[in-house]
Amino acid sequence: MAIMNEGNSFLVSSLCSLLTVSSMQVFKTYLASSQMLTILDGFVGSMLFLFLLTAIGNLEKIIFGANFQAQLKEVMLCLVLACLAASSIHRVCITVCILFSCLMLAGVYKISQDT
């Protein structure tokens with residue numbers, strides 16, 4: 001498996017972010033129809049958080065150099081954007097999105113410490 005450089009990773013994660021937001025809006029009424037689907041939408045919102053964080057982190061590496069890392073303000077911006085997208089479906093999705101996003105962020109942090 002080949003490793004993508006920052007530019008390609010930025011494009012792929014941006015495309016995944018766009019596809020995630022658009023699919024959330026296309027299936028908006030279906031996702032808000034039951035409790036389990038509302039939880040699923042919160043999880044999809046946390047996936048959006050991960051895609052946005054990857055895109056912004058790679059963009060910053062392209063602009064500022066290879067040693068630059070995403071900081072708290074970038075993480076909070078991605079979390080707010082993901083929660084806004086999830087809140088357009090149902091307000092419970094915000095809480096689920098925050099919980100799953102924190103778990104994913106902990107996983108990303110653990111992976112970054114291992115490599």
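Phe-68 is partly exposed, at a relative accessible area of 25%. The model is predicted.

**Aromatic pairs**

Phe-68 pairs with Phe-64 in a tilted arrangement, 5.0 Å centre to centre and with 40 degrees between the planes. Phe-64 is exposed, because its relative accessible area of 56% lies over the 50% cut-off. A search of the whole structure finds 2 aromatic pairs. Phe-43 and Phe-100 form an edge-to-face pair. This pair links distant parts of the chain, with Phe-43 in helix α3 and Phe-100 in helix α5, 57 residues apart. Phe-43 counts as partly exposed at 34% relative accessibility. Phe-100 is also partly exposed, at 28%.

| Aromatic pair | Centre to centre | Angle between planes | Geometry |
|---|---|---|---|
| Phe-43 and Phe-100 | 5.4 Å | 85 degrees | edge-to-face |
| Phe-64 and Phe-68 | 5.0 Å | 40 degrees | tilted |

**Surface patch**

Phe-64 also belongs to a nonpolar surface patch, together with Leu-59, Ile-62 and Ile-63. The four have about 400 Å² of accessible area together. Ile-62 is found in helix α3, which covers residues 35-64. Ile-62 is partly exposed, with a relative accessible area of 46%. Patch membership requires over 30%, so Ile-62 passes that limit.

**Nonpolar core**

The largest nonpolar core has 17 residues, and Phe-49 and Cys-78 touch the most other members. Helices α3, α4 (72-87) and α5 (92-114) are the elements that give two or more residues to this core. The largest share, 7 residues, comes from α4.

Which residues does Phe-49 touch, leaving aside those up to four places away in sequence? The contacts are Val-75, Cys-78, Leu-79, Ala-82, Ser-101 and Leu-105.

**Salt bridge**

The count comes to 1 salt bridge. The side chains of Asp-114 and Lys-110 meet in it, at 3.4 Å from N to O. That distance is within the 4 Å cut-off, so the pair qualifies. Side chains of opposite charge can pair when their charged atoms come close. Both residues lie in helix α5, 4 residues apart, about one turn of the helix. Asp-114 and Lys-110 are both exposed.

Terms used: Residues are numbered from 1 along each chain as its sequence is written. This is a predicted model: local features need pLDDT of at least 70, side-chain atom pairs count only at pLDDT 80 or more; totals for chains, interfaces and linings use all residues. Side-chain values use heavy atoms; hydrogens and water are left out. Patches are made of residues with over 30% relative accessible area and no salt bridge: like charges are joined within 9 Å, nonpolar side chains (Val, Leu, Ile, Met, Phe, Trp, Tyr) within 5 Å. Accessible areas come from the Shrake-Rupley method with a 1.4 Å probe; for residues, only the protein chains shown count as cover. Buried means under 20% relative accessible area, exposed over 50%, partly exposed in between (1.4 Å probe, protein chains only). A nonpolar core is a set of buried Ala, Val, Leu, Ile, Met, Phe, Trp, Tyr and Cys residues joined through side-chain atoms within 4.5 Å. Contact means heavy atoms within 4.5 Å. Rings of Phe, Tyr and Trp (its six-membered ring) pair if their centres lie within 6.5 Å; planes under 30 degrees apart count as stacked, over 60 as edge-to-face and the rest as tilted.
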